[in-house]
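I opened this entry to record what I looked up, one topic at a time. My notes follow the model shown here.

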Amino acid sequence: MSTSIRRWVETDTGHRVPNHRSKCRNLHGHRYRWEAELEGEVVTREGVSEEGMLIDFGDVSEILEEQIHDVVDHAFIVYEGDAEAMQALSVMGDDHKTLVVPFVPTAENLAKWAFSVVESHITTAYGNDLRLVAFHVRETPKSCASWRL
Ligand SMILES: [Zn+2]
């Protein structure tokens with residue numbers, strides 16, 4: 001038995017899937033939703049702000065803002081092995097917001113990446129069981145990928 005919560009942030013982010021057989025090989029972007037799923041036991045200490053919560057939603061939001069939103073919002077995510085896109089982005093100059101990653105930036109791979117980025121920041125001050133168990137990346141209203149333990 002456990003309790004789970006979810007919290008997300010949204011970003012406008014560009015990417016491309018270089019080997020895709022169709023339109024996803026074009027440079028394009030999405031309104032991404034980055035959703036963390038946490039599981040554990042609620043805080044039982046009486047009188048504290050988090051009593052009855054796994055963690056304050058605001059604390060999760062702050063982590064997602066710093067670790068995900070501020071890194072990829074209005075940025076272009078590019079696979080380091082995508083020579084054409086790397087070359088195109090190189091002419092944009094150093095102040096262009098580019099995130100180079102060692103994987104093809106599909107929703108599936110981005111979910112795994114986001115999980116690894118956020119996991120170590122999920123902590124509790126009250127000793128209650130609390131862990132990140134999944135990360136969900138919604139690329140379009142109809143398309144969502146998850147990475148879970
Ligand atoms: Zn896409």
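**Strand pairing.** I started with strand β5 (residues 130–140) and strand β6 (residues 143–148), which pair in the antiparallel sense over 6 bridges. The two form a hairpin with 2 residues between them. I note here that the model is predicted.

**Zinc site.** Next I looked up the metal. Which atoms coordinate the zinc ion? I found His15 (NE2), His28 (NE2) and His30 (NE2), at 2.0 Å. Along the chain the donors follow the spacing H-x12-H-x1-H. Histidine 15 sits in strand β1 (residues 3–15) and histidine 30 in strand β2 (residues 28–40), so I logged a link between distant parts of the chain, 15 residues apart.

**Salt bridges.** I then turned to charged pairs. The count comes to 10 salt bridges. I took three of them in turn.

Glutamate 10 pairs with arginine 138, with the closest N and O atoms 3.9 Å apart. That falls within the 4 Å cut-off. Glutamate 10 lies in strand β1 and arginine 138 in strand β5, so this pair ties together parts that are 128 residues apart in sequence. Glutamate 10 is partly exposed, at 27% relative accessibility.

Aspartate 82 meets arginine 16 at 2.8 Å, N to O. Where do the two sit? Aspartate 82 is in the loop between β3 and α2 (83–90), and arginine 16 is in the loop between β1 and β2. They are 66 residues apart. Both ends are buried: I read a relative accessible area of 4% for aspartate 82 and 9% for arginine 16.

Glutamate 35 bridges to arginine 33, with the closest N and O atoms 3.3 Å apart. Glutamate 35 is buried at 5% relative accessibility, and arginine 33 is buried at 18%. I traced shared partners from here and found Arg6, Arg33, Glu35 and Glu37 joined into one network.

**Cysteines.** How many disulfides are there? I count 0. The sulfur of cysteine 24 is 16 Å from the closest cysteine sulfur, in cysteine 144, which is too far for a bond. Cysteine 144 is likewise in no disulfide. I also noted cysteine 24 as partly exposed, at 23% relative accessibility.

**Backbone check.** Last, I looked at phi. Histidine 74 has a positive value of about 55°, although it is not a glycine. I placed histidine 74 in the loop between α1 (57–72) and β3 (75–79). Histidine 74 is exposed, with a relative accessible area of 58%.

Notes
Residues are numbered from 1 along each chain as its sequence is written. This is a predicted model: local features need pLDDT of at least 70, side-chain atom pairs count only at pLDDT 80 or more; totals for chains, interfaces and linings use all residues. Side-chain values use heavy atoms; hydrogens and water are left out. Helices (H or I, at least four residues) and strands (E, at least two) are DSSP runs, numbered from the N terminus. Buried means under 20% relative accessible area, exposed over 50%, partly exposed in between (1.4 Å probe, protein chains only). A disulfide is a pair of cysteine sulfur atoms within 2.5 Å. Donors are N, O and S atoms within 2.8 Å of the metal (3.2 Å for Na, K and Ca); water is not among the atoms, so sites may look incomplete. Two strands pair if DSSP finds at least two bridges between them. A salt bridge is a side-chain nitrogen of Lys or Arg within 4 Å of a carboxyl oxygen of Asp or Glu.
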